[in-house]
Structures are given as C-alpha cells and as structure tokens.
2 protein chains.
Amino acid sequence: MNLTDMAGTGRNTNEGEFALIDRVLKPLAADTPAALGLTDDAAVLTPPKGKDLVLTKDAMVAGVHFREADLPGDIARKLLRVNLSDLAAMGATPVGYLLATFWPEDLPHAWITEFAEGLAEDQEEFGVGLLGGDTVRTSGPLSLSLTAIGSVAEGKALRRNGAGDGDLIVVSGTIGDGALGLRALNGQLPDLDPTSEEYLEDRYQLPEPRMALGRALVGKATSCIDISDGLIADIGHITEESGLGAVIEWEKVPLSEAAQAAVQSEPDLIATVLTGGDDYELAFTLPAERRDDLVKLAKEGGVPLTIIGEMIAGEGVRVRQADGNDMPLSVRGWQHF
Amino acid sequence: MNLTDMAGTGRNTNEGEFALIDRVLKPLAADTPAALGLTDDAAVLTPPKGKDLVLTKDAMVAGVHFREADLPGDIARKLLRVNLSDLAAMGATPVGYLLATFWPEDLPHAWITEFAEGLAEDQEEFGVGLLGGDTVRTSGPLSLSLTAIGSVAEGKALRRNGAGDGDLIVVSGTIGDGALGLRALNGQLPDLDPTSEEYLEDRYQLPEPRMALGRALVGKATSCIDISDGLIADIGHITEESGLGAVIEWEKVPLSEAAQAAVQSEPDLIATVLTGGDDYELAFTLPAERRDDLVKLAKEGGVPLTIIGEMIAGEGVRVRQADGNDMPLSVRGWQHF
C-alpha cells in the first residue's frame with residue numbers, strides 16, 4: 001500500500017481526506033521520479049552506481065519527542081532532520097524518504113497542510129523528496145515514523161567502530177543547546193534572559209543536520225556519530241564499538257553563549273549539557289597527525305569544529321575537570337555506561 | 001538513531017529494556033550484514049548490481065488493522081507480510097526491512113518476545129532480515145510501521161499503468177477470504193460452520209504474499225497490484241493508471257469453499273467479497289495472446305490463477321452478473337470510484 005492506496009481504503013480515512021492527501025502529499029513526491037507519483041504499491045529506486053545505500057528510521061510520538069503545541073511545520077522538519085542527521089553521521093548524501101503518519105481522529109486538515117508545508121520547505125533545503133509511505137488514523141497521540149535513504153561511496157560509510165588509541169575526539173557546533181532548549185520550553189530555566197532562551201528553544205525545535213560535514217569526513221574520520229542521546233552516551237557508543245575508552249576535557253566542550261549563561265546561573269545544568277542529547281551535532285575521531293585537516297574540514301562542513309578530548313586504552317568515557325580530576329558521577333548526571 | 005540508540009536514551013525505555021532489545025531484536029539482524037549488527041546510526045546496503053530497489057512502508061494500529069487480542073507473533077508476521085505483498089506486486093524479491101514499534105507503556109516483555117519470534121519465523125520463510133529501526137513508547141494503542149526493501153531487474157518493476165485494451169484480468173488464489181475472516185472474528189458470521197470460519201479467520205490473520213508469482217510475472221504481466229483495498233478498488237487503481245475500464249464477471253471470481261458457504265447463506269456478503277480487501281492476492285493483466293502462459297505462471301507462482309474479466313476502453317470497473325447485467329451498486333457495496 002502507499003499513500004494513494006490508504007486514501008482509498010475508507011477504513012483509515014474519510015472521503016475528504018482522499019482529496020487532502022492528493023493535494024498535500026502528492027506534491028511532495030512530484031520531483032522524485034522513484035516515487036512513481038505515489039501511484040503504485042511501492043517506490044522504485046535505481047541506486048546510484050558505485051554507491052552504498054544508507055537507511056535509517058526514526059519514530060516520534062507527541063508528548064514524548066515533541067510537544068503537542070509545537071508548530072506542525074516544525075514537527076515535520078524535525079522529524080526529517082533527525083533522520084538526515086543519522087545519514088550525516090554515516091557520511092551519506094540524502095536520496096529520499098518514506099513517511100508513516102498516525103494522525104489522531106480529530107486532527108484538523110489545516111494541521112496536516114502545515115505539516116506538509118514544513119516538509120516541502122526542508123525537501124528544498126536538503127535536496128530530498130518523498131518516495132512513499134502510509135497514512136492511518138489513531139485513537140492515541142500523533143505519531144510519526146520516517147525512513148530516510150542516503151548514498152555514500154561503496155565501502156566508505158562512516159562507522160562507530162574505527163576509532164584508534166590516541167585519536168582526537170572532535171565535535172561540531174556547540175553542545176547542550178538542544179537539551180537546555182527543551183528545559184527552557186518547559187519553563188525550567190526561569191532565570192535565563194529572553195534572548196538566550198529563544199536561541200536554545202530554536203536549537204531544540206529545529207536542529208541543523210551536518211550534512212556537508214558528514215560528507216567531508218568520509219575517508220578522513222576514523223569514526224563518527226550524531227549526538228542525539230547525549231555527548232557522553234554517544235561518545236560511549238564509539239568507545240564501545242571501537243573497544244577503547246575516551247577522555248573528554250570539560251572546559252573544552254564548546255558551549256553557545258546562551259548555554260554558558262544557563263550553566264553560569266545554575267551549575268547543575270552541566271549534567272544536562274553532557275547527557276541531555278538532542279544536539280544533532282556530529283562527534284567524530286581523527287588520528288592526531290591529521291589535526292591540521294580540521295581547518296579545512298570546518299570550512300567544508302560550514303560549522304566550527306572543536307577538539308574536546310582523545311581516545312585512550314581501556315573502556316568508558318571519563319570527563320576531566322579544569323582541576324585535572326574526573327568529574328564526579330553526581331555532576332555528570334545519569335549515565336548509560 | 002537505531003534500535004540500539006533508542007535503547008539507551010532512557011526517555012523512551014527503561015533499563016530492563018536495553019537488555020530486552022539486545023536479546024530479542026539484535027538476533028533478527030544477525031544474518032543481515034547491511035544491518036551492521038544494529039550498532040551504527042544507519043544500515044549500509046550495497047545494492048545488487050543491475051537491480052532497482054523497491055521500497056514500501058505500511059503502518060498498522062491496534063484496533064484498526066489488527067485486533068488487540070491477536071497473537072503477537074501473528075501481528076508481527078502480518079505486518080511483514082502485507083509489506084512483502086507490496087514487493088510481490090512490483091515483481092520484487094525481498095532484501096530487508098526496517099521496523100518502528102510504538103509500544104504501550106504497560107506492554108509485557110513476554111509480548112515483545114513473542115512478537116520478535118513471529119518476525120524470526122517469517123524472516124526464515126521469506127529470506128529477509130532486519131536492517132534497523134526505532135523503538136519508542138506510546139500512551140496510545142500499539143502501533144507499528146515497517147519499511148520493506150526489495151530488488152527487481154532494472155526497469156522491470158511491475159506497474160499499475162501498463163494494462164492494454166483487451167488484456168485479460170487475472171487473480172491468484174481466492175478472493176474475499178480476508179474480509180470474510182475479519183467478519184467471522186467479529187462474530188458477524190454466526191451461521192457459518194466452524195471449519196469454514198477457522199479457514200477464513202486464518203486467511204485474514206496470516207495472509208500469504210505471492211512472492212514467487214510476482215517474480216514470475218516480471219516481463220509478462222502488463223500491470224499488477226496486490227488486493228489490499230478490495231478487488232473492485234484495486235482493479236480500479238489499474239484502470240485509473242492505465243486509462244482504461246474493466247469488466248469483471250462475478251461468476252468467474254474464484255471463491256474458497258468457505259467463502260462460497262458464507263455467500264450462500266448470506267448473499268449480501270457478495271459486497272464483502274468484492275470490496276472488503278485484505279486478500280493479499282495478486283491481480284494482474286496479461287495480453288489475451290499470452291493466455292497459454294497462465295499454466296506455467298500458476299506453476300511457477302505455486303498458486304492457482306483465474307481469469308476474471310478483461311480490460312476495455314472507457315473507465316471504471318463494471319461487475320457483470322450471470323444474467324449478463326451489471327451488478328447494481330447496492331450489491332457491489334460501497335464504491336471508491
């Protein structure tokens with residue numbers, strides 16, 4: 001089944017939605033020949049020659065992964081962007097996506113229209129189109145699932161398991177904004193100035209997947225991941241898969257001015273920065289002798305890069321404070337490892 | 001993110017589930033090298049040379065697409081099979097799948113284990129493996145989304161738009177069992193004998209995607225679709241995309257003995273047979289001069305094939321009764337076209 005089929009089943013949708021789906025979803029597939037105009041049982045994609053395909057799927061639920069009050073267009077764009085961020089972490093270029101929507105019975109048509117407008121905007125921005133999907137009704141919260149497909153030179157996908165002892169640990173952009181933004185939206189940062197608050201909220205609601213950086217890292221980084229679970233947890237994934245440990249220098253972790261202001265007024269927020277997640281920056285490892293490549297990589301990636309630590313023999317992720325001591329667990333917050 | 005990531009977020013799952021997902025979902029990816037052991041941000045698939053990839057995504061919600069009381073293993077297998085049926089309709093061979101699960105907070109671990117066992121069973125049967133996915137919790141009904149990927153010789157995917165005037169309309173297996181099975185499960189066929197009832201219920205709960213037939217039809221059928229929305233609606237998709245009409249002879253539509261018994265005791269069920277859907281048989285068109293190929297196709301497909309009508313100039317789907325008159329709308333039931 002595809003979007004067109006589902007529109008016709010009656011069991012999932014009513015008559016008016018047939019036209020709605022034609023109007024709002026079919027245009028999203030118009031520039032993607034593989035989608036076959038959403039007329040068939042499936043999409044047919046001719047894979048680019050000499051490339052591997054990279055496939056990822058994320059699910060989101062209202063009230064868990066986004067707030068019910070969020071703008072429909074922002075929800076759509078975040079859904080697409082978190083998947084694109086997974087592609088970036090593998091060094092892949094987006095090809096297309098499939099979408100499943102579980103819409104509450106009473107969701108207004110205007111909401112769906114705005115949702116599709118958000119997708120259209122980001123399709124344009126990231127050069128990607130709708131390949132197919134499914135549309136059903138639910139008695140539960142609005143839920144979404146998106147499968148993104150990208151391509152990367154055969155055998156060249158960035159992995160988590162290639163970091164070497166002594167490799168530099170590098171992150172893009174600033175860390176902690178996403179998790180702090182969620183706190184701000186929930187009214188948990190009452191002392192923060194309005195400018196900082198808005199900045200952090202924007203970072204939470206509309207992450208910037210680092211597509212250009214991911215592509216630039218192919219053949220250079222020894223491992224890569226996008227920071228979705230939280231800096232420590234995600235570096236932890238690299239240590240685990242690479243059979244090594246990691247040391248992060250807390251004072252080297254790049255914070256935005258807004259995050260600095262937040263942490264200054266409430267030092268406990270250091271734990272949020274390190275473990276909160278939703279950054280969608282890339283963390284990667286680079287052999288120390290390639291340190292000079294970072295200037296070029298930052299330029300190609302269009303984002304600042306910061307060395308925050310190094311891979312070491314052993315296991316687990318240590319966070320070193322300015323005084324040279326390891327940060328105690330109570331400050332680092334809840335740990336995955 | 002992938003299944004592994006999500007297990008670590010804490011926001012979606014609790015500590016015990018980390019181990020659970022490792023135990024029940026990672027084994028499903030063990031024989032699929034492209035899944036990378038579910039350790040990375042995405043799967044990396046080297047496309048088979050000279051092939052197109054076929055991609056489809058279906059969503060299912062408890063209480064809508066399956067019954068809450070259905071066995072977990074059956075729900076899993078049906079989810080996989082309805083997607084495989086879409087691949088069959090395009091003539092594709094399965095490659096792998098991605099899975100998103102929205103699990104209610106109180107879903108027992110035993111349920112999830114049985115769900116995974118159902119997937120394992122059908123992975124074996126259909127030669128397909130898990131590539132990746134996502135696992136989240138929902139306050140709503142159990143919901144599922146699966147993206148299936150198949151391959152077919154480049155440019156050879158079966159479409160809906162190639163039927164020609166005068167082409168024979170052919171269906172596999174028997175029609176109407178799925179929809180009648182759902183009625184039986186809902187206690188709406190009280191007069192039916194227990195053997196027939198069980199047969200129809202099985203057909204609803206565990207459809208048989210016609211993979212071998214789909215492959216055999218490549219290069220032979222002029223159009224193809226799987227019957228999910230209902231025979232008339234799905235033939236309607238072929239007429240619409242091919243710019244033609246269709247005539248179906250009611251008395252040629254193949255019914256199982258159980259469906260015959262049901263229709264005999266309640267003639268109104270003819271509408272259920274023709275429009276109910278959930279058959280997951282294939283309907284396809286074949287040039288009349290290839291009529292003799294049907295014996296070989298039935299053998300290769302491992303399923304009986306029946307000519308039920310032909311494509312004609314015009315539009316829409318007519319159903320002709322034994323007396324030569326068109327079946328009135330009241331008998332054909334609710335129409336999509």
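In this predicted model, A:Asp58 counts as buried, at 0% relative accessibility. A:Asp58 is found in strand E2 of chain A. The UniProt record, in an unreviewed entry, places the feature "binding site" at A:Asp58 and A:Asp134. A:Asp134 lies in another element, strand E4 (residues 129-138) of chain A. A:Asp134 also counts as buried, with a relative accessibility of 0%. Both values fall under the 20% cut-off, and therefore both residues are classed as buried.

The unreviewed UniProt entry also gives the feature "binding site" for A:His65, A:Asp278 and A:Trp334. A:His65 is placed in the loop between strand E2 (51-61) and helix H3 (72-89) of chain A. The relative accessible area of A:His65 is 6%, so this residue is buried. A:Asp278 is in a loop as well, between helix H10 (269-275) and strand E9 (282-286) of chain A. At 4% relative accessibility, A:Asp278 counts as buried.

The backbone of A:Asp278 deserves a remark. Most residues other than glycine have a negative phi. A:Asp278 is not a glycine, yet its phi is positive, about 65°. The phi of B:Tyr280 is near 55°, a positive value in a residue other than glycine. B:Tyr280 lies in the loop between H10 and strand E9 (282-286) of chain B. With 3% relative accessibility, B:Tyr280 counts as buried.

The arrangement of the two chains was examined next. Two copies of a chain are related by a rotation about an axis and a shift along it. Here, a rotation of 180° superposes chain A on chain B, with 0.0 Å of shift along the axis and an RMSD of 0.0 Å. The two copies are thus related as by a two-fold rotation axis. The same surface serves both copies, as 100% of the contact residues of chain A recur in chain B. Among the residues of chain A, A:Gly140 comes closest to the rotation axis, with its C-alpha at 1.9 Å.

Within chain A, the domain assignment gives domain 1 (3-153) and domain 2 (168-328). Taken over C-alpha atoms, the centres of domain 1 and domain 2 of chain A are separated by 29 Å. The two domains touch. In chain A, 22 residues of domain 1 are in contact with 19 residues of domain 2.

The buried residues of H5(B) are B:Asp177, B:Gly178, B:Ala179, B:Leu180, B:Gly181, B:Ala184 and B:Leu185. Their cover includes three helices of chain B: H6 (194-205), H9 (257-265) and H10 (269-275). After H5(B) comes B:Gly187, which has a positive phi near 75°.

Helix H9 of chain B contains B:Ala261. At 27% relative accessibility, B:Ala261 counts as partly exposed. Neighbours within four places in sequence aside, B:Ala261 is in contact with B:Leu192, B:Asp193 and B:Ser196. B:Ile169 is 92 residues from B:Ala261 in sequence, and the two are 25 Å apart in space, C-alpha to C-alpha.

A pair of aromatic rings is described by the distance of the centres and the angle of the planes. Over all chains, the count comes to three aromatic pairs. One of them joins B:Trp111 and B:Phe115, whose rings are stacked, at 5.5 Å centre to centre and with 20° between the planes. The angle is under 30 degrees, which means that the pair counts as stacked. B:Trp111 and B:Phe115 are separated by about one helical turn, because they are four residues apart in helix H4 (residues 109-126) of chain B. B:Trp111 counts as buried, at 13% relative accessibility. B:Phe115 is buried too, with a relative accessible area of 1%.

In chain A, the charged end of A:Lys78 sits over the ring of A:Tyr204, 3.6 Å from the ring centre. In chain B, B:Lys78 lies over the face of B:Tyr204, and the distance to the ring centre is 3.6 Å.

Note on methods
Residues numbered from 1 in each chain as written. Chains lettered and ligands numbered in written order. Predicted model: local features only at pLDDT ≥ 70, side-chain atom pairs only at ≥ 80, totals over all residues. Heavy atoms only, no water. Buried < 20%, exposed > 50% of the residue type's maximum accessible area, 1.4 Å probe, protein only. Helix = DSSP H or I, 4+ residues; strand = E, 2+ residues; numbered from the N terminus. Contact = heavy atoms within 4.5 Å. Phe/Tyr/Trp six-rings, centres within 6.5 Å; stacked < 30°, edge-to-face > 60°. Lys NZ or Arg CZ within 6 Å of the ring centre and 35° of its normal. UniProt positions renumbered as here; feature names shortened; annotations may be inferred. Least-squares fit on C-alpha atoms with pLDDT ≥ 70 in both. Domains from an automatic or database assignment.
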